[in-house]
Amino acid sequence: MVLSNCAHFDRETPSSELSEIMTSADSYCLKYFPIEGLGQTSRDILAAGGAKWENLFPENWATEKDQTPFGCMPLLYINKNGKEVVISESAAIDFYLAKQFGMLGSNQYEEALIGAFYTSTSSVMITFVSQVTWNQSEAKKASLETFKERSFKYWVKAHERHLIDNGSNGHYVGNELTLADIRTTAFFNHLSHQPEGPELMEIVKAAPALWKVMETVNNHPKLAKYRASEDYKTLVENTIGFYKDPFAAVAAMAAK
């Protein structure tokens with residue numbers, strides 16, 4: 001695996017050749033911090049898809065940051081026969097991988113629905129992160145209440161309705177595992193590892209169709225195997241530790 005400096009996208013290799021690498025890749029490497037966060041949906045797709053893949057963590061983010069397209073992660077390194085394509089931004093990576101492993105439904109309408117559910121979940125997660133996670137401790141109680149009452153409960157109500165429309169079968173669309181299922185489950189797993197998690201997950205428990213999505217995804221044979229791995233357990237431990245005091249965790253990371 002080359003793991004090249006990717007501050008610039010490849011403009012020299014014909015795009016048709018790069019597309020061929022992406023279409024018939026033989027291995028992947030996902031680069032992100034050693035926590036769940038924005039990288040976990042991609043990891044879960046790779047695990048559920050039975051891909052050959054590995055995690056890559058930054059060794060010195062302060063210097064590596066400028067070697068990425070937008071100064072952020074995750075990054076996905078896509079390999080075939082020693083050739084490499086790098087793509088960035090979590091949504092772009094998630095949708096590419098979902099397409100690779102048949103998790104975008106069976107037609108354009110289903111793909112559009114899956115995209116809508118994915119985007120809705122990503123939006124409420126961004127709201128949680130901005131309003132609660134990255135708020136000063138003295139303001140967190142009020143901001144958590146605002147998030148819970150104005151955003152989260154409405155999101156739960158809306159998604160529960162759509163899941164009931166699909167038969168409350170543990171999936172957003174049809175009867176197969178899709179990106180929407182994995183994205184929501186990754187969000188719930190993320191929430192459950194936050195200090196505010198128990199309070200928020202009680203709201204989810206009161207929505208049986210949503211709860212069934214999480215159970216269905218986490219019990220998927222390949223994902224259950226991944227969840228039992230030491231790699232995943234370490235990510236969970238790191239996530240719990242990081243979010244106990246994210247400001248201190250970031251400061252410590254910057255000091256390395």
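Which residues does UniProt list for "domain: GST N-terminal"? The unreviewed entry gives residues 26-105. Everything below comes from a predicted model, where local features need pLDDT of at least 70, side-chain atom pairs count only at pLDDT 80 or more, and totals for chains, interfaces and linings use all residues. Residues are numbered from 1 along each chain as its sequence is written, and side-chain values use heavy atoms, with hydrogens and water left out.

View 1. Residues 26-105 are 30% helix and 26% strand, with the end C-alpha atoms 23 Å apart. For "domain: GST C-terminal", the UniProt record (unreviewed entry) has residues 107-247. That stretch is 80% helix and 0% strand, and its end C-alpha atoms sit 44 Å apart. Helices (H or I, at least four residues) and strands (E, at least two) are DSSP runs, numbered from the N terminus. UniProt annotations may be inferred rather than shown by experiment.

**View 2. Where domain 1 meets domain 2.** The chain splits into domain 1 (15-101) and domain 2 (108-219), with bounds from an automatic or database domain assignment. Eleven residues from domain 1 and eleven residues from domain 2 make the contact (heavy atoms within 4.5 Å). Together the domains bury about 910 Å², 70% of it on carbon and sulfur atoms; buried area is the accessible area (1.4 Å probe) that two parts lose on being put together, summed over both. On the domain 1 side, look for Glu-36, Thr-41 and Phe-95, which supply 49% of the area that domain 1 buries against domain 2.

**View 3. The largest pocket.** This pocket holds about 630 Å³ of space. Among its 25 lining residues, Tyr-32, Phe-33, Leu-38, Trp-134 and Tyr-243 are the closest to the centre. On a 1 Å grid over the protein atoms alone, a pocket is an open set of points where a 1.4 Å probe fits, with protein on both sides within 12 Å along at least five of seven lines; lining residues have an atom within 4 Å of a point. The volume is the space filled by probe spheres set on the points, which are joined across faces, edges and corners. Helix α5 gives the largest share of the lining, five residues. Domain 1 and domain 2 both contribute to the lining, so the pocket lies between them.

**View 4. Two backbone spots.** A cis peptide bond links Met-73 to Pro-74, with omega about 15 degrees. Pro-74 is in the loop between α3 and β3 (75-80). Asn-81 has a positive phi of about 50 degrees, although it is not a glycine; find Asn-81 in the loop between β3 and β4 (83-88).
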